[in-house]
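Here is a short report on a structure.

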Amino acid sequence: MVDTVRTETTPPRRRPPLRSIVIWTLVAVVGAVAWGVVALTRGEQISALWLLAAALGSYAIAYRFYARFIVRRVLKVDDTRATPAETLRNDTDYQPTDRRVLFGHHFAAIAGAGPLVGPVLAAQMGYLPGTIWIVVGVIFAGAVQDMIVLFFSMRRNGKSLGQMAREEIGVVGGVAALVGVFTIMIILLAVLALVVVNALAHSAWGTFSIAMTIPIALFMGFYLRSLRPGRVIETSIIGVGLLLLAIVGGGWVQDSSWADTFTLSPETLVWALIIYGFVASVLPVWMLLAPRDYLSTFMKIGTIILLAVGLLLARPVLQNEAITDFASRGDGPVFSGSLFPFVFITIACGALSGFHALIASGTTPKLIEKESQVRMIGYGGMLMESFVAISALIAASVIDPGLYYAMNAPAGFLGDSLESASQAVAGLGFSITPDQLAAAAASVEESTLVARTGGAPTLAVGMSQIFSDGFGAGGQAFWYHFAIMFEALFILTTVDAGTRVGRFMLQDTLGNVWKPMRDVSWKPGLWLTSAVVVAAWGYFLYAGVTDPLGGINQLFPLFGIANQLLAAIALTVATTILIKSGRLKWAWVTGIPLLWDAAVTLTASWQKVFSDDPRLGFFAQRDRFSEALDNGEVLPPAQSLDDMEQVVTNSTVDGVLAAFFALLVVIIIADAARVCVKALRNPAAATSTEAPYVRSTLVAPSGLIPTRAERELMAAAARGDREGAG
Amino acid sequence: MTALLGAVGRAAAGVWWYLREVSGETAYDRYVEHCRRHDAAGRVLSRREFERRRQDDRDRSPQQRCC
């Protein structure tokens with residue numbers, strides 16, 4: 001009996017059973033063979049399933065061995081210790097939640113458009129660099145960060161990352177973290193909104209389907225509020241049905257006289273999104289956000305499962321090269337810069353995403369039942385997101401490279417016609433004829449696919465190929481718009497939710513200066529702060545959409561840098577806590593990812609700020625265009641002096657932001673280093689910020705499937721409950 | 001055959017349980033149970049009142065959605 005109540009502090013050293021040795025050896029062999037095929041095959045095309053096998057094998061080994069090592073040795077989880085869900089239980093914020101249910105909530109909160117967009121853009125470097133970074137990055141950095149932040153926040157009754165930064169590092173670190181979170185969110189929202197605008201521009205089908213989600217969500221909101229309170233599943237089924245109808249209806253609208261009404265220019269869409277963002281974020285949650293959230297969660301999970309099944313059925317062959325020449329030359333059209341550091345910036349979500357630290361120190365730690373469950377929820381949840389990123393990379397790599405570059409290079413580079421696009425792609429060393437471009441657009445019933453940047457259209461083309469091959473029913477146009485809808489839907493949810501979070505941060509900060517602001521339901525304050533947040537991301541969105549150089553390739557690196565900066569803050573906080581709690585010998589677990597992340601972020605910002613290459617450095621770009629402007633010249637791809645001025649303004653703003661982000665990272669790491677040195681010199685003075693130990697009376701399994709010992713304990717606890725009650 | 005049907009039935013019941021839990025449909029059941037446990041004589045909100053209050057609470061605590 002003593003043996004079954006594992007406290008995890010003294011792991012029993014037993015010889016593993018033979019069956020387990022055999023299984024794990026097999027998993028390792030399959031993974032290793034798959035990696036061998038993926039990494040060593042040159043000059044011939046390989047099946048996408050090798051990528052999946054390599055990733056899944058690696059995830060399994062990492063989860064079984066590395067995550068377990070961290071949980072037992074580094075974090076020393078203790079299942080006899082009550083979690084905040086148990087000690088502070090109030091059945092609203094704090095509530096012990098079944099691990100499988102919490103996994104669903106946590107995954108729905110961390111997974112969004114990020115792991116879908118980044119890998120698509122990074123496919124410019126070939127499939128190999130992205131695959132390696134997504135898998136290695138998640139195992140040693142991303143999943144570790146998510147799990148450890150979740151654990152430390154849980155031990156502190158669910159404190160946020162900002163609060164932990166202030167308590168562990170100090171006011172400077174805390175303020176830097178707060179400013180960092182806010183700016184990142186603005187850039188994030190702008191980039192995501194830009195993805196939607198690029199996907200919907202000049203597409204009556206897409207615009208109509210997405211526009212219909214607003215009345216659908218409103219209907220669901222009223223249905224849930226007044227007709228059938230709390231019947232979420234039934235409401236969602238109706239909603240998804242209407243959504244599918246809206247996708248089909250988009251096809252009809254495109255062929256009807258309404259088509260012109262829904263064919264909008266990018267600028268019009270920007271204004272539509274800004275107005276939508278403002279209105280949505282000041283409306284009560286039940287009207288628009290809550291139903292949207294249900295819809296996008298169901299669509300997200302459903303589509304991910306569909307994509308996994310589709311890949312298995314279609315078994316597509318990768319058309320992309322393993323490593324393209326852009327990786328070393330750094331002159332790719334999708335985004336500038338060479339493999340290091342820019343692959344690691346472009347693919348943030350899916351490998352390492354600082355944003356997750358906000359979720360892991362938000363609601364999840366207040367709901368977790370047992371300390372050991374951080375492995376399944378924190379580490380496992382991030383592995384799942386990584387799997388989504390690999391699927392997106394595959395979807396971008398199964399389409400013809402010529403089409404990929406014709407879709408993802410900036411409009412200014414590709415020119416106005418199919419012929420000019422075909423020539424521009426040939427200039428990059430790939431080929432696609434104007435006829436093929438026209439046929440590709442016709443197969444998904446879009447007017448054109450040229451310069452449909454932002455990642456979403458490319459992913460949608462890849463997914464539509466996989467789905468129509470895998471499920472055999474054709475319907476590529478339907479699947480394309482299904483995929484666009486799926487992405488746009490949860491991006492709009494993120495825009496709404498993110499604007500609200502930004503507004504709350506602003507209200508909270510301003511409330512320190514001016515009391516009335518602190519009341520979050522005070523209408524004038526609510527409108528003002530919402531308007532400020534929307535204006536901030538709206539500015540970057542508008543600048544991105546109208547940028548003559550192409551908004552995505554200018555803004556996406558900034559988004560990546562910002563996201564990885566947040567990861568640096570999270571990993572710094574985690575490393576500081578490890579050192580302050582006397583675990584210097586394990587500090588490498590978060591310290592090495594931190595060093596890597598800092599190297600990546602700082603190199604990228606350095607190049608973005610100081611590079612002499614105008615394609616890469618924002619200020620070099622600014623100098624080049626402002627000199628030309630002084631001489632009255634117009635440099636392509638700009639077409640007028642106004643364009644020239646816009647390039648100058650944009651590159652100045654972007655350059656200042658890149659420098660600002662880098663400065664924040666340096667400040668936080670330097671401040672944390674000071675705190676760590678102090679703690680190491682005088683270990684006795686280091687105070688613990690953990691909540692005190694309370695003995696747990698809850699019984700719950702650690703992993704997905706309960707062990708025999710856990711089942712016995714649960715059965716005993718259930719018997720005890722009945723006896724106690726009777 | 002009956003064993004197969006039983007297994008399918010259990011799987012369906014599991015999926016249904018999971019959907020209800022994940023979507024928050026069971027929140028009201030838990031609330032009622034919570035009220036009974038703590039104050040058996042106290043007034044229990046109706047489902048409509050409870051769901052309204054729960055929705056309105058979300059206005060005051062925004063939930064982050066990630067990228």
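## Overall form

The radius of gyration is taken over C-alpha atoms, and the globule rule is 2.2 Å times the number of residues to the power 0.38. For 726 residues, that rule puts a compact globule near 27 Å; chain A has 26 Å, which agrees. Along the principal axes, the C-alpha atoms of chain A fill a box of roughly 75 × 60 × 55 Å.

The model is predicted: local features need pLDDT of at least 70, side-chain atom pairs count only at pLDDT 80 or more, and totals for chains, interfaces and linings use all residues. Residues are numbered from 1 along each chain as its sequence is written, while chains are lettered from A and ligands numbered from 1 in the order in which they are written.

## Secondary structure and domains

Chain A has 29 helices and 0 strands. These are DSSP runs, numbered from the N terminus: H or I of at least four residues for helices, E of at least two for strands.

Domain bounds come from an automatic or database domain assignment. In chain A, domain 1 spans 18–202 + 264–489 + 500–685, and domain 2 spans 699–726. The centres of these two domains of chain A, taken over C-alpha atoms, are 40 Å apart. Contact here means C-beta atoms, placed from the backbone, within 7 Å. By that test, 7 residues of domain 1 of chain A meet 4 residues of domain 2 of chain A. The domain 1 side holds 1 nonpolar, 2 polar and 4 charged residues. Nonpolar covers Ala, Val, Leu, Ile, Met, Phe, Trp, Tyr, Cys and Pro; charged covers Asp, Glu, Lys and Arg; the others, Gly among them, are polar.

## Burial and cores

In chain A, 56% of the 726 residues are buried. Buried means 20 or more other C-beta atoms within 10 Å of the residue's own, with C-beta atoms placed from the backbone. Of the contacts in chain A with a separation of 6 or more, 80% join residues 24 or more positions apart.

A nonpolar core is a set of buried Ala, Val, Leu, Ile, Met, Phe, Trp, Tyr and Cys residues joined through C-beta atoms within 7 Å. The largest has 239 residues, and A:Ala190 and A:Ala406 are among those with the most contacts inside it. Beyond its neighbours within four places in sequence, A:Ala190 is in contact with residues including A:Trp537 and A:Leu555. A second, separate core has 6 residues, among them A:Phe625 and A:Met644.

## Contact with chain B

Here 42 residues of chain A are in contact with 25 residues of chain B. H23(A) gives the most to the chain A side, with 7 residues. That side divides into 23 nonpolar, 14 polar and 5 charged residues.

How values were computed: Two residues are in contact if their C-beta atoms, placed from the backbone, lie within 7 Å. A residue is buried if 20 or more other C-beta atoms lie within 10 Å of its own, exposed if 12 or fewer, and partly exposed in between; C-beta atoms are placed from the backbone.
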